[in-house]
Amino acid sequence: MSTYDRNTRKRKGTRQVRRKTEDVKGLSITSLLDVLTIILVFLIKNVSMDAVKLDQLPNMQYPTTITTEKLMDNAMVTPVKLYLHEVLMGVDNQFLGTPQDLVENVETRATMEAYLLAEMSQIPEDKWEEACLVVQADAAIPCSFITQIVSVGTSVGYGNVYFATIEDADWLRTYRSASNE
Amino acid sequence: MAVYRPSQARQQKGQTAPQEPNLVPIMNLFVSIIPFLILMISISQVALLALNFAGDEGGGGAGSSGGGADKEEIVQVHLMLKEHHTGLFPGMEIREPGSTNYTKIPWLAENMYDFDKLNDQLISLKEKYSESSEIAVVVHPEVLYDTLIRTIDLCKANGFVTVHYRSPKNVYIY
């Protein structure tokens, strides 16, 4: 049987019904792309590429300030975290001791000095002016501990000391109402 | 004799319907970049209060040595916590250069400093010393960090942008 005959019989034997098909249009994702582009621009603008992210630390109550200053450009940051019961140094949160040790223990101060010296030695000489010590301390810490850190930091060569705070333009008003109660 | 343009239909070539550019690869790129950026973004970033200890113009001054400007020539704000027979009292004291009349601002309650009064004093001091932008904050060891930062903040907010951080006495046991 030839191919022609086979096809003819097939056509004659069963009736083929072809459904009406509508042209399915592709989903327009142009508007979605617009939204994503806006989000992308916003994220790129706000994302911090710094080696040190100065995020709000958990379990730490920050003091509040009206004024706020930006970290200097190309800053070489060494963070120091002063909790009520421990002091952590650097990006890698190296345990130094308790805040009390800063005042009472000679070895703790020596360790802190050695650590800060090591951090300074990693900074190129032409960038020493951009060396920043960022103190993130709990609001309830006595200032004697802060003074120790600032003293050691400046003696090592950190010319810029930043204190981490939370911006609150109304803290004076809040404080006033709290003190009146 | 009239000249007729050739038929436009003759000029037209076979046209296809305009196609949308394929945006799927761009979408894929976006969808992979955005989660990374969201991870890296820090929404609740902390604010910063700066003290500059570098050079002669420095706004700092660690310990009792000072950071540049002469101690006697700038206004000093003393922060104290304990009462002492030497004249210390819980509260704040403003010492103007060349004056022995110190403005005392006792605290309102325990660890409640009168920042309102300090603010008023700083406003009038700024009017008096309009050319100066320097001030020294002398903080006693027991005073809380919160009090120090609030004081520095008020100084900066009232135009004393260069704040010298000092402590009355430092004892180093090395």
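In helix α6 of chain A (residues 171-180), the buried residues are W171(A), L172(A) and Y175(A); buried means under 20% relative accessible area and exposed over 50%, with a 1.4 Å probe and protein chains only. Because these residues cover an arc of only 95° around the axis, they sit on the same side of α6(A), the arc being that of the directions from the helix axis to the C-beta atoms. On the other side of α6(A), R173(A) and N180(A) are exposed. Helices (H or I, at least four residues) and strands (E, at least two) are DSSP runs, numbered from the N terminus. This is a predicted model, in which local features need pLDDT of at least 70 and side-chain atom pairs count only at pLDDT 80 or more, while totals for chains, interfaces and linings use all residues. Side-chain values use heavy atoms, with hydrogens and water left out.

What do the buried residues of α6(A) pack against? Their partners are β1 (64-65) of chain A together with α3 (115-128) and α4 (145-157) of chain B, where contact means heavy atoms within 4.5 Å.

Turning to those two helices of chain B, the axes of α3(B) and α4(B) come within 10 Å and cross at roughly 30°; axes are lines fitted to C-alpha atoms, for helices over the stretch in contact, and angles run from 0 to 180 degrees between N-to-C directions. α3(B) and α4(B) are therefore roughly parallel to each other, a label for angles under 35 degrees. From α3(B), F115(B), L118(B), N119(B) and L122(B) make the contact, and from α4(B), T147(B), R150(B), T151(B), L154(B) and C155(B).

Note on methods:
Residues numbered from 1 in each chain as written. Chains lettered and ligands numbered in written order. Parallel < 35°, antiparallel > 145°, perpendicular 65-115°, else oblique.
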